[in-house]
Amino acid sequence: MALRTAITRRILSSSSAVHGSRSMSSWWKNVEPAPKDPILGVTEAFLADPSPDKVNVGVGAYRDDNGKPVVLDCVREAERRIAGNMNMEYLPMGGSNLMVEETLKLAYGEDSDLIKDKRIAAVQALSGTGACRLFADFQKRFSPDSHIYIPVPTWSNHHNIWRDANVPQRTFHYYHPDTKGLDFASLMDDVKNAPKGSFFLLHACAHNPTGVDPTEEQWKEMSYQFKVKGHFAFFDMAYQGFASGDPEKDVKSIRIFLEDGHLIGCAQSYAKNMGLYGQRVGCLSLVCEDEKQAVAVKSQLQQIARPMYSNPPVHGALVVSTVLGNPDLKQLWLKEVKGMADRIIGMRSSLRENIEKLGSPLSWEHITNQIGMFCYSGMTPEQVDRLTNEYHIYMTRNGRISMAGVTTGNVEYLAKAIHEVTKTA
Amino acid sequence: MNSSSADRRLSTLSRHLAGTIRNEGSGISSSPTSAGNSVFANVVRAPEDPILGVTVAYNKDPSPVKLNLGVGAYRTEEGKPLVLNVVRKAEQLLVNDRSRIKEYLPIVGLADFNKLSAKLILGADSPAIRGNLVTTVQCLSGTGSLRVGGEFLAKHYHQRTIYIPNPTWGNHTKIFTLAGLTVKTYRYYDPVTRGLNLQGLLEDLGSAPSGAIVLLHACAHNPTGVDPTLNQWEQIRQLIRSKNLLPFFDSAYQGFASGSLDKDAESVRMFVGDGGECFIAQSYAKNMGLYGERVGALSIVCRNADVASRVESQLKLVIRPMYSSPPIHGASIVAAILKDRNLYHEWTLELKAMADRIITMRKKLFDALSARGTPGDWSHIVKQIGMFTFTGLNTKQVNFMTQQYHIYMTSDGRISMAGLSSRTVPHLADAIHAAVTTVG
């Protein structure tokens, strides 16, 4: 007994090894260092650069004209109202009902019959990523033989999400490198050639990374062909309001599909349009045949959320429901969203003008044709590397420029650098 | 728009106007996603989550004497949820700081938070921390930490089996199964003694394949409230190390069990102290009352710093396709409290007060049952520790208590002591007494 006590005391008070555990090697010695995330790794590299001229046009987070991140006034006010008032109890697995209600109105319309008839299964999700992942897991579980058709190119994390959900991926044509616009003919071929009932991932507006969106007519044609083929349309909408400045305009693609009777799926994010990036607030919705089915689908979505994180974080949801649920704050939000979109549209013009002014032999009209946070410049990885190494300009190697990182203070420098690395292209 | 698509539009329109879209085999009306047919038509409604479903049922009950002893969320004597004073203070600091921004956290979360969380569970002077042997990533509370850890193991570890105690928190099996692991159980609870079945535990872990993962509740076992003594922990540790099993600690109640943060971390520190590797999932849901903010951390203690760094890089690949990066608000509150001496101290006092109130409720319930002469040995109520008591009541008795006394609890007989107050103890005691004496 005394011996056992002595051993116990010895174990607790020192870190000496027992049974040779220290002489063993690690279970993880064969773990390879993972490659840096292509997008988030850019900011890491930027932060490590000591150059005073450095410019970060990598990750898609909005900056004001001073290059500073922005907390919207409507958000600050909402947080002021929230602080200290609420408890921090668990939300239900499906998240905040208030926040989901307001969010559905944005996507489906204030007077949507689908909402009135309770035909939409919807849950709060961890921003756009979380909404896509919930859907991908749901798709695997309930349409186990399906693939996901993903546009080329797309946000790189889309591939990771559906891969980790074990849903096999196929691609469809989207971006035309020659026109730096939409390759609509090939896109429609791919839609027609896909087996009936295929699942397609569509960017509702402000395509990431290209900034190239279909026209209204093109969306209508796609919707029609989707009906012919019985395809499932899953919309990733991360930029509603942020693209044109008008949330109703930016959601047109979805409304077109809804008018045609498609039972769509939709991922929504408040990361950009409410500047709530780090709060991880979003929503996944699936349109169903009737209320009963919506209840069933929602319950199954909850079954996927429970073993992932149990229930979603409350703070960001409270901010959203406070902003959207109060007319004064909602008006302020609409004004601020338009302000952000307008600044970006202004920077597009400015960047294009500045490059053209330098006498570039190339066409840069795609800068102003494209929409949303990103410009797909058409630059090669080698040209991007030159921008980084010689000019301390940070962007992803696919040539994607985050216009939100462009300011009146750096647009000339950026234009000059782009011109220098492309003038002999 | 070219003329053929215009033609198509016109013909669709005319068919709409004609009132019917006949099933001509053109595919439109019979296509799965046209109005009327969902690709998910065969989805059936999932059963309510057994734990969270209790609160759903409770909320529907109109009875004025209803009592929610289901989900493990702390309640005050007045039966109200509690936001800790330190949390309110920290939140105000955050709100008032205009320089704060809400950008994306890194994939691994808030750096301060991660460091402070590792210190909290391992101890400020931990050699593992000093040696950079620990990688810590912010996750969504305990659930998220377990899931990320499980997915990492399924991808990178040679053994795909995890042993979980019987019984355990209802969500453990689902978490690890969906993460890609095979779940087995080891004996834990002895219904006869209502204490630990150490013999069974050692036998079951002793016959586990080398390298198997073992889930351990760091303290305040959920749902039983039965914890090993330090001596018993030492026996468990020796067995686990001698069989090269990988310990995965779920620490959801540090400070909440005994009232002392250090005491409640002893089991974890014992294992880390022997130089071996382990996983630790931490939650701040209960001990900081941050439930809905989803704040937690996964720490992996490795043999050397290089391994720890590579492990961290791979953890990012698990997190990125799940939710990209964790939520900032709750972690900021925790970091603010842990790094400030005064706030930290205040927190330890509030934590002890919560733990003490629960210990008081245990005593009161035990006394109330003794006073009623309720048949059976109820000493386990005061011997068990943490938020829950495993009453030993069976499903029939639980249903009886719900129907007749509007007491809501999980069907395994688990009650959340945090949901009790001096005012409601008599009602519960009456219910238990009635259940035990009238229902088999």
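# Reading the labels on a two-chain model

Author: Gln384(B) is buried, with a relative accessible area of 3%.

Reader: Why is Gln384(B) called buried?

Author: Buried means under 20% relative accessible area, exposed means over 50%, and partly exposed lies in between (1.4 Å probe, protein chains only). Gln384(B) has 3%, so it counts as buried.

Reader: What kind of model is this?

Author: It is a predicted model, in which local features need pLDDT of at least 70 and side-chain atom pairs count only at pLDDT 80 or more, while totals for chains, interfaces and linings use all residues. Residues are numbered from 1 along each chain as its sequence is written, chains are lettered from A and ligands numbered from 1 in the order in which they are written, and side-chain values use heavy atoms, with hydrogens and water left out.

Reader: Where does Gln384(B) lie, and what is it in contact with?

Author: Gln384(B) sits in the loop between α15 (380–383) and β11 (388–390) of chain B. Contact means heavy atoms within 4.5 Å. Leaving aside neighbours within four places in sequence, the contacts of Gln384(B) include Tyr189(B), Arg194(B), Arg362(B) and Phe390(B).

Reader: What makes a run of residues a helix or a strand?

Author: Both are DSSP runs, numbered from the N terminus: helices are H or I with at least four residues, strands are E with at least two. Strand β2 of chain A, for instance, spans residues 120–125.

Reader: How do you know that β2(A) is largely enclosed by the rest of the structure?

Author: Six of its six residues are buried, so β2(A) is largely enclosed by the rest of the structure. In a regular strand the side chains alternate between the two faces of the sheet. In β2(A) both faces are covered. Ile120(A), Ala122(A) and Gln124(A) are buried on one side, and Ala121(A), Val123(A) and Ala125(A) on the other.

Reader: Why are β2(A) and β10(A) called a pair?

Author: Two strands pair if DSSP finds at least two bridges between them. β2(A) and β10 (residues 282–287) of chain A have six, in the antiparallel sense, so they pair. Ala125(A) has Gly282(A) as its bridge partner in β10(A).

Reader: Which strands does β3(A) pair with?

Author: Five bridges join β3(A) to β4 (residues 169–173) of chain A, and the two run parallel. Here Ile150(A) stands opposite Thr171(A). β3(A) also pairs with β7 (residues 199–203) of chain A over two bridges, in the parallel sense. There Tyr149(A) faces Phe200(A). Four of the five residues of β3(A) (residues 148–152) are buried, so this strand too is largely enclosed by the rest of the structure.

Reader: What makes the β-α-β unit right-handed?

Author: The strands are viewed pointing away from the viewer; a crossover is right-handed if the path from the first strand over the helix to the second then runs clockwise. β3(A), helix α7 (residues 156–164) and β4(A) make such a right-handed unit.

Reader: Why is the link between Lys316(B) and Glu44(A) called a salt bridge?

Author: A salt bridge is a side-chain nitrogen of Lys or Arg within 4 Å of a carboxyl oxygen of Asp or Glu. The N to O distance for Lys316(B) and Glu44(A) is 3.7 Å, so the pair qualifies. The rule finds five salt bridges across the interface of chain A and chain B. On the side of chain A that touches chain B, α12(A) supplies the largest share, eleven residues.

Reader: How many residues are in contact across that interface?

Author: 102 residues of chain A are in contact with 105 residues of chain B.

Reader: How do you know that Arg133(A) and Glu151(B) join two chains?

Author: Their side chains meet in a salt bridge (3.7 Å, N to O). Arg133(A) lies in α6 of chain A and Glu151(B) in α6 (residues 141–156) of chain B, so the pair joins two chains. Arg133(A) is buried at 1% relative accessible area, and Glu151(B) is buried at 6%.

Reader: Why are Arg386(A) and Glu390(A) called partly exposed?

Author: Arg386(A) has 33% relative accessible area and Glu390(A) has 44%. Each value falls between the two limits, so both count as partly exposed. They form a salt bridge, with the closest N and O atoms 2.8 Å apart. Both lie in helix α16 (residues 381–391) of chain A, four residues apart, about one turn of the helix.
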